[in-house]
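Here is a short briefing to read alongside the model. Keep the viewer open and follow the topics in turn.

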Amino acid sequence: MSETLRIAVVGATSLVGEAVLELLAERALPIGRVFALDVAEKDGETVSLGNLELDVATVDDFDFANASLAIFVGGSELSRRFVPEARNAGCAVIDFSSVYRLSEDVPLVVPGINDAALDDLGEGLLLAVPNCTVTPVAKALAALQASGLERVTIASYQSVSGTGRAALEELANQTTALFGARDIELEVYQKRISFNVLPLIGDVDEQGISEEEQSLVDELHKVLANPQLRVEASCVRVPVFFGHGWAVTLQTRDPLNADKARELLAASGLQIVDDPRGELPYVTPLEASGNEAVWVSRVRQTAGGTVSFWLAADNVRAGAAEPCVALAAALMKRGYFA
């Protein structure tokens, strides 16, 4: 691996961008230089790379020939505009946006699930990273796929950080206003999020399925290479700052009981906290925040021979930043930047 690897983080001031920089520093990858890039309005701001402070430069003025790898975490508009430019300059790209996730010629990769997609990619490679709501579920389902997944029902409970920094501020401001008996303001969400839940994330299609729900269906099909899998999803925004939760029920072709499911999930690297009579019977999104683990609780047999369980994970770190950094490390290990 090259000690002179140069990485550009596009969207460096976003919540995910900051988490990517934190993980790059924590994992001490052999990087020669990191460029922090964002929109012109962010020019001159600073972000942290471990103990280093990086000046944020505008992506419009950046020459991607100066980078070996670009990690795009600034949203669809930035990816749509600058990913082609980066690739044309010979820069490899890891993209965390919806732009390329369902493109037939772009691998949608969750490290540890479909790593074979990283072989023989060539110069100017492009990898897509799933929605942060998808990756933790995909890890759990991949662990159980050998039992013959046939049907999965998912209810997600998604924190406001999935919408971005402005949503964090809206939740905080509305909560403060309510305690102060002041009028609340609606800017990010259509309805009040403080002390409330919103049963719709994104626009809906003619059948009433939201964008977030459809992304769970489509991206799980692609990552698991299982387009026949029946996926039923309901996505809800909840008044939590960081950390998503998922209630999952699955039906399998082969018999699968709770003990076997728990064993398979643990063997895949997921963290099991599942002692109904213990002091810590389950993990909440709050407890999952600040780390890269996917936590499993309440594994149980349910009616009709199904198995149900609860997942919790930090959507920013475990669902978004960690897969991006893990893919960068996997590409280095394969010698793409030698």
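Two strands pair if DSSP finds at least two bridges between them, and helices (H or I, at least four residues) and strands (E, at least two) are DSSP runs numbered from the N terminus. This is a predicted model, where local features need pLDDT of at least 70, side-chain atom pairs count only at pLDDT 80 or more, and totals for chains, interfaces and linings use all residues. Residues are numbered from 1 along each chain as its sequence is written, and side-chain values use heavy atoms, with hydrogens and water left out.

**The sheet**

- Strand 1 (residues 5-10) runs parallel to strand 2 (residues 31-38), and 6 bridges join the two.
- A8 has F35 in strand 2 as its bridge partner.
- The open sheet holds 7 strands in the order 3-4-2-1-5-6-7, with mixed pairing.
- At its edges are strand 3 (46-49) and strand 7 (126-128), each of which pairs on one side only.
- On average, neighbouring strands of this sheet are turned by 25 degrees against each other, direction ignored; axes here are lines fitted to C-alpha atoms, for helices over the stretch in contact, and angles run from 0 to 180 degrees between N-to-C directions.

**Around strand 4**

- Strand 2 is also parallel to strand 4 (residues 52-58), with 3 bridges between them, and A36 has V56 as its bridge partner in strand 4.

**Two helices to look at**

- Helix 8 (residues 317-333) lies across strand 1, strand 2, strand 5 (69-72), strand 6 (92-95) and strand 7, at about 155 degrees to strand 6.
- Helix 3 (residues 135-144) is mostly covered, with 9 of its 10 residues buried; buried means under 20% relative accessible area, exposed over 50%, and partly exposed in between (1.4 Å probe, protein chains only).
- Among the buried residues of helix 3 are V137, K139 and L141.

**Salt bridges**

- Side chains of opposite charge can pair when their charged atoms come close.
- The whole structure has 16 salt bridges, each being a side-chain nitrogen of Lys or Arg within 4 Å of a carboxyl oxygen of Asp or Glu.
- One of them joins E22 and R317, at 2.7 Å from N to O. Since E22 belongs to helix 1 (residues 15-26) and R317 to helix 8, the pair ties together parts that are 295 residues apart in sequence.
- R317 is buried at 10% relative accessibility, whereas E22 is partly exposed at 37%.
- R334 and D119 form another salt bridge, with their closest N and O atoms 3.3 Å apart. R334 sits in the segment after helix 8 and D119 in the loop between strand 6 and strand 7, so this pair ties together parts 215 residues apart in sequence.
- Both ends of that pair are partly exposed: R334 has 38% relative accessibility, and D119 has 40%.
- E232 and R230 also meet through their side chains in a salt bridge, at 3.5 Å from N to O. E232 is partly exposed at 26%, and R230 is partly exposed at 47%.
- Which residues do salt bridges with shared partners join into one network? They are E22, E26, R27, K139, E292, R317 and E322.

Key: Contact = heavy atoms within 4.5 Å.
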